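Subject: Structure handover

Hello,

Here is the structure for you to look at. My notes on it follow below.

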Amino acid sequence: NDAAFRTHYDLCLGKIEAVFDPDDLYTGLFENFTTPEELTRFSEFLGLEPRFEGTGEKTNVSPKTDALSPDLEREVVLHFREVYEFCADRFPMTKQLWRGFQYLDS
């Protein structure tokens, strides 16, 4: 499935980092991209002065559908365990931004 492939951040970043110099890469999380801290980090990477218009606003938000049942949410998180563990290590903020980390301890 295309979505499953694109969300294997552990594999995708490994391939990207094998090709590009670390100084030429910016990695961040979509979920907090519009925060002043992340926007400043991105602007510094580009060598630009940060512009904070619109920070904190949610854009490109997908419409919410029915919530996943706890059982299905647990199954999805456990299926993507490697991704969750990689991102928790590499991007600790995912523990606050993503749901489901509680299932990794069970």
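What pattern does the protein chain follow when read along the sequence? The pattern is α-α-α-α-α-α, with six helices and zero strands in the chain. Helices (H or I, at least four residues) and strands (E, at least two) are DSSP runs, numbered from the N terminus.

Some notes on the source. This is a predicted model, in which local features need pLDDT of at least 70 and side-chain atom pairs count only at pLDDT 80 or more, while totals for chains, interfaces and linings use all residues. Residues are numbered from 1 along each chain as its sequence is written, and side-chain values use heavy atoms, with hydrogens and water left out.

Overall: the C-alpha atoms fill a box of roughly 45 × 35 × 25 Å, taken along the principal axes. Of the 106 residues, 22% count as buried. Buried means under 20% relative accessible area, exposed means over 50%, and partly exposed lies in between (1.4 Å probe, protein chains only).

Salt bridges: a search of the whole structure finds five. The term means a side-chain nitrogen of Lys or Arg within 4 Å of a carboxyl oxygen of Asp or Glu. One of them joins E17 and R90, with the closest N and O atoms 2.3 Å apart. E17 lies in helix α2 and R90 in helix α5, so this pair ties together parts that are 73 residues apart in sequence. E17 is partly exposed at 34% relative accessible area, and R90 is partly exposed at 32%.

Another salt bridge pairs R81 with E85, the closest N and O atoms being 3.3 Å apart. Both residues lie in helix α5, four residues apart, about one turn of the helix. R81 is partly exposed at 25% relative accessibility, as is E85 at 41%. R51 and E53 also form a salt bridge, at 3.4 Å between the closest N and O atoms, and both of these residues are exposed.

Helix α5 (residues 81–90) also holds Y84, which is buried at 13% relative accessibility. Not counting residues up to four places away in sequence, Y84 touches V77, W98, R99, F101 and L104; contact means heavy atoms within 4.5 Å.

On the surface, V19 is exposed, with a relative accessible area of 64%. V19 lies in helix α2 (residues 9–19).

Regards
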